[in-house]
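Colleague: I'm new to this one. Could you walk me through how to read it?

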Amino acid sequence: MTPTKAIIAGLFVLAGALPAVAEIRIGASVSATGPAGALGDPEAKTLEMLIEEVNGKGGINGETVTLVLYDDAGDPNKARTFATRLIEDDEVVAIIGGTTTGTSMSILAVAEDAGIPFISLAGAIDIIDPVKPYTFKTPHTDRMGCQKIFADMQARGFAKVAIIASTDGFGASMQAQCKLVAPEMGMEIVADETYDPKDSDMTAQLTKIRGTEGVQAIVNPGFGQSAAVLARNYRQLGMDIPFYASHGVASQGYIDLAGAEAVEGFRLPGTALLVAELLADGDVQKPAVTAYKAAFEGKFATPVSTFGGYAHDGFMILSDAIARATAAEPAAIRDAIEATTGLAGTTGVYTYSATDHLGLDLSAFRLLEIRGGAWTLAE
Amino acid sequence: MSELIQFLFSGVTVGAVYALVALGFTIIYNASDVVNFAQGEFVMLGGMITWFAHEAGLPLPLAALIAIVLTSALGVAMNKLAIEPARGAPVVSLIIITIGASIFIQGTAQLVFGKQIHTFPAFSGDTPIHVGGATILPQSLWMIAGALAVFLALWLFFSRTLLGRAVMATANNRLAAQLVGINTNFVMTLSFALSAAIGALGGVLATPVTLTAYGVGIGFALKGFAGAMLGGMGNPKGALLGGFLIGLIEALTAGYLSSQYKDAVAFVVILLVLFFLPQGLFGRKTTDRV
Amino acid sequence: MKLTPKSATLLVLAVLVALSPLFFPSGYYYRVGALIFVNGIAVTGIVILTGWAGQISLGHAGFAGIGAYACALAPAHWSLHPALAVVLGAAISALLAWLVGRPILRLRGYYLGVATLGFGILVSMVLNNERDLTRGPDGIEVPELGLRALLKGWGLDLSNGQFWYFFCGLCLIAGAWLALNLYNSPTGRALRALHGSEVAARTVGVDLARMKLQAFMISAVYASVSGSLLALQNKFITPDVAGFMHSIEMVTMAVLGGVGSVLGAIFGAGALTLLPQALTVFAEYEQMVLGLVMMLVMIFLREGLLPSILRKLRGRGE
């Protein structure tokens, strides 16, 4: 046999051997860069970390799991292309991702057409309402965020609220949901302001709110750099109206950037992840939360954020479903995901059903308060 | 009244950054007729490198100095590697080259400094100064003073020094400048160094207020560009005024009209000004040579 | 037989559209192809505006946004058929280009740049902020065009990806054909004269303002149709389509490929659409490479990729 022939023969053997190596291919498209990079970056890191972890433990049902991860930079058009690529070219059995609502809506259209299960990491209720057969999501909806905040306001006897939201998808969507549920919960929106996520000073808007008659509390749907700048502006103006941030800022980074003094007493609806140490020993979420926090912070030396937690839960739900599924095929995996019951993640305890692809209720949302530069439980 | 003062404070704080960016645009434009869309990246690098050096344990003034010098060197490199070889290219090619540079610097910064948001301590503390019921941060005063000082220095440079006049001469007519013995290549290098240094200074002054991350440059570049065009490209006076005007329009619109459309109002004002004064407020008139 | 540049361009496009699928390993490549064609339509408009008439626009994504949202809103609010919504979007874009173009096309170079930039930002702000109408930054669903189902009824059963590939390919060829006809018309000649020297063009009696305005309106229609096709294909659209970066992308594609010719610009659209797909393995370095490519091509291949390559080939042949 000539060397060339030997190589060709070898290639054939390799090619023939490939399908025999059991492998489960999972796809992901998240916004690791771009305007939503602060959200998507921890998600990408989390997924890569968890894949390593699972394979280190021998994979799922003895099969190796591979992750095909793309960065859609928050562009819905790119997200759709990547979803097509994941399904048609990479032949994945399920997709996790869609950091923003826009990218999630793009991916779900492709996934539904192809019959591939998709677990979204974005907030809007439209993603799972009405229920679509193959689409699930892990975060609370932003409507629930508003409800949690307003419930606390009710308890404190507030009824007149000012909203100041960023004009990106996250802020605008939550702003709209808050305005929607406010009347139901006896809240009156007396001031409604916005700022651009690239803005570097919001004292004008805050001054306007301060000048509005009767404002009892402020809600700020927003995340990242501009939310931290807003908190600093709030302190600069010496304002003392009770301030509610959104779950978008739920990470230690927010406190560090805004300054512990600036955000003292701020409240927000958050997940158990931020108060891992404070959870009671019997808390069902405690094992998942502490394990993820330790692993993530050990590996990347950055504090965990709620968003990385969403990706963690998405992967956990998917790998749990694959392990239970009758076959590692999309349809079987979908059925297994829908049958998920009482699975405790960092965000909450998931129980999906044919009519509920969110799987969470308000109980998993915890009202947090910043005290002395750290997250505490307000309730 | 106190509300109005607060809106004005907000406007000049933001306007100071825009003005510094616009001034940076002006210098390069004067020397080479190039609008450098990577100007915003100089601001980003000024903040990022200062944070990086400060985090590494250097005292803040030294860290800031290093940031300004390094960014300035990068400006020179950009001129040598990307702008000089493209001399004579049409405006649209130059736009793409400088936007390409901007994207390249952003991509590199993301790898070197990571994707996190950073900041460092304000120079004179965070205790706001109270004036007539309104408040302003000491750092904002630093920013405003920085913009004014840079303007003053540039004005003196362009009108009082031989070198500055050489730059203006190069701007007006490159060939004629060469004929009277001006080293136009040196003028170009100098203007990129200066412009990058001013951008970096803007980043150093603004970061304690605005925070910084690898992607903040393009936003500053667009607003600074708008400010420079409003004032009239090529004129430091126009750049200073244009920058502050955009900041003030934004703050006043947010305060009195609608915070949603504050950026829109700024651009409508620009469109109106250009409609009546196609060269901006203080732009130099040009005639078409046949 | 000697081909005219016009028939040569159309022939190359037709062959590419028809034969490329033979080499597609999976359905995903139809999607990428369709995206290239959609971008190709937008850059054909840029060729007319920038390559021929010599005017700059940093806000053409605004027109793409209008075309896209026409397809989302008109069917929902006035139960207009999506195909008619494309026409409506194009008409609104042309009208808006006429309104905006009259005052701003007096401006030159960077001043025109900032004015068009402002226009694009205004459109994208309206799409973002008018939540009650556009549903804001989270985006809005776009109805099905329905043509695929119609074709199926006639016995031509295409997958979604295949349909959009061939449909956008046909639209691109039609768009290129129209542009090339314009090139050889008196209007086209006047436009090119204007690019050479405005003063010279004026002295030979070209109505500058009208010519510029026509080029601006025609290119706006191309951008609008491209936006519509993107929206209909994706069945979902967000205000990103009207964003500044999309405007820059259009100009970059056209100029990088070679803004003087339709084929060059489409080549640029292909190159820049494929680049990020090819770079996914090095996602970390994607931005660096993109920026580097933009600078290098503009410095070393000033006329653009395709003209430079063709010249190299010709030089070797002689």
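Colleague: How many residues of chain C are in contact with chain A?

Modeller: Contact here means heavy atoms within 4.5 Å. By that rule, 26 residues of chain C touch 25 residues of chain A. Keep in mind that this is a predicted model, where local features need pLDDT of at least 70, side-chain atom pairs count only at pLDDT 80 or more, and totals for chains, interfaces and linings use all residues. Residues are numbered from 1 along each chain as its sequence is written, chains are lettered from A in the order in which they are written, and side-chain values use heavy atoms, with hydrogens and water left out.

Colleague: How much area do chain C and chain A bury between them?

Modeller: The size of an interface is often given as the accessible area lost when the parts come together. Chain C and chain A bury about 2,100 Å² (accessible area, 1.4 Å probe, summed over both). Of that, 52% is on carbon and sulfur atoms.

Colleague: And which side chains meet in a salt bridge?

Modeller: A salt bridge is a side-chain nitrogen of Lys or Arg within 4 Å of a carboxyl oxygen of Asp or Glu. There are 3 between chain C and chain A. One of them pairs A:Asp113 with C:Lys235, at 3.9 Å, N to O.

Colleague: Which helix gives the most to the side of chain C that touches chain A?

Modeller: Helices are DSSP runs (H or I, at least four residues), numbered from the N terminus. α2 (28-52), α5 (109-129), α11 (208-234) and α13 (262-278) of chain C each supply at least two residues. α2(C) gives the most, with 5 residues.

How values were computed:
Buried area = accessible area lost by both parts, 1.4 Å probe.
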